[in-house]
Amino acid sequence: MSTLFTGISELRTVTDRGTIKDAAIVVDDGVIAWVGPANEAPEVDSSGRRVDVEDLGGRAVLPGWVDSHTHMIFDGDRGAEFEARISGGSYEAGGIAVTMEATRNAGRERLELLLRQRLAAAAAGGTTTVETKTGYGLDVASELLAASIASQYVEDVTFLGAHLVPPGADAEEYVELVCGEMLDAVAPHVDWIDVFCERGAFDEQQSRRVLEAGLARGLGVRVHGNQLGDGPGVQMAVDLGAASVDHVNYVDDKDIAALAGSETVATVLPACDLSTREPLAPARKLLDSGVTVAIASNLNPGTSYTSSMNYCVTTAVLQQHLSLDEAIEAATLGGAKALRRNAVDGGKDAKGRPAKGQILAGAAADFHVLNTHQAIDLAYRPGMPLTWRTYKAGERIH
Ligand code: NIG
């Protein structure tokens, strides 16, 4: 059955068609079949059947957010660590071990419940595509549990056994475990491999070993890089053909040039930068230098306990000096590129799946309806509850 969505005051397509005023979308079997001005909308579908009509009441519509960096499989919180930080402390990766303990003790049922709640909260904020990582288990059984739960609910799952060397473990032996037994266990459940390449976590040599082991198993590569200081993360990500290098707070001109000449997306995480009081990633400079930028939430209990992409987009506009169109593109198509889910051929991604992040015929009917007639309210009315409805594959998920 086809559905015609009308009553769209402005449609931010994130395609070369830009914004269409008084627009309509036809959805057929979870995929966008037609997009254009409402007065040109078809009344029958390709088989000649009358389409159902759903009136969105004069609201603005944009693609669903594509949140390409989250850590949703965890238990416990670190409010006390955060409070100490805002009273003058600084962020240290060691807090990951606190979450590791809580996560190891949680068990399947509770981790699954928490994940479902987090996905529902993300959907309530307009997010339709989520990537999530393991990385709070840090032993074979707990990483496998995290990966197997995540793969039941999330399309893009990332193995982040190399998040931290667990307390008491020898770093080299742990890297060996991550590249061997742990990777063997999780590989059937994951699509990507990632490493926290940072002082206090994994150095370049260790990071390369982990990522190369993942590549050899057919996984795509992502990197946590240049978050807390200068480092080799960006160059390594580009060298290895990573889909994305995430954080990028401390990048120099050489890093930016390497990114600009590559297929690697720079994913900025504004909510994390504010929470850790790190300098905001230089999203404006990256865009001006020709780098593809994505915006993601980085939901996790240590550095960014929010899945609100509206908040991230607002921050990108008000504090990182992106235009609204640039910020929306980074949080939709940018995220899709960071997950290699963007359209490359007639609305389909490189694997022939309906693409994400654009309102385009052939792409997934994933969209975000705002409770206002204009998308500029995302920055003009910051912090207001602007998400009205969220549709994924044409179905309401919020
Ligand atoms: O992306 N940087 C590494 N990982 C997370 C933080 C993890 C934590 O502190 O629990 C991040 O910021």
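1. Which residues lie nearest the centre of the second largest pocket? They are Leu119, Thr128, Val130, Tyr153 and Lys392, among the 14 residues that line this pocket. A pocket here is an open set of points, on a 1 Å grid over the protein atoms alone, with protein on both sides within 12 Å along at least five of seven lines, and lining residues have an atom within 4 Å of a point.

2. The model is predicted, and local features need pLDDT of at least 70, side-chain atom pairs count only at pLDDT 80 or more, while totals for chains, interfaces and linings use all residues. Residues are numbered from 1 along each chain as its sequence is written, and side-chain values use heavy atoms, with hydrogens and water left out.

3. The second largest pocket holds about 230 Å³ of space, a volume being the space filled by probe spheres set on grid points that are joined across faces, edges and corners. Helix H3 (108-124) and strand E6 (127-133) each supply at least two residues of its lining, and H3 gives the most, with five residues; helices (H or I, at least four residues) and strands (E, at least two) are DSSP runs numbered from the N terminus.

4. The lining of the second largest pocket divides into eight nonpolar, three polar and three charged residues, where Ala, Val, Leu, Ile, Met, Phe, Trp, Tyr, Cys and Pro count as nonpolar, Asp, Glu, Lys and Arg as charged, and the others, Gly among them, as polar.

5. About 270 Å³ of space lies in the largest pocket. Of its 15 lining residues, Asp191, Trp192, Leu339, Arg340 and Lys351 are the closest to its centre, and the lining comprises five nonpolar, three polar and seven charged residues. This pocket lies between domain 1 (2-64 + 348-396) and domain 2 (65-322), because both give residues to its lining; the domain bounds come from an automatic or database domain assignment.

6. The structure holds one cavity of 30 Å³ or more, a cavity being a set of points where a 1.4 Å probe fits but cannot get out. The largest cavity has a volume of about 90 Å³, and its lining has four nonpolar, eight polar and no charged residues, including His71, His163, Gln227, Asn298 and Thr303.

7. The ligand is surrounded by 16 residues (a heavy atom within 4 Å), of which Arg78, Tyr91, Tyr136, Gln227 and Thr303 are the closest. A polar side-chain atom of Gln227 lies 2.8 Å from a nitrogen atom of the ligand, and an N or O atom in the side chain of Thr303 lies 2.7 Å from an oxygen atom of the ligand. Taken alone, the ligand exposes 330 Å², and the protein buries 100% of that (Shrake-Rupley method, 1.4 Å probe).

Conventions
A polar contact is a pair of N or O atoms within 3.5 Å; within protein, one must be able to donate a hydrogen and the other to accept it, and residues adjacent in sequence count only if both atoms are side-chain atoms.
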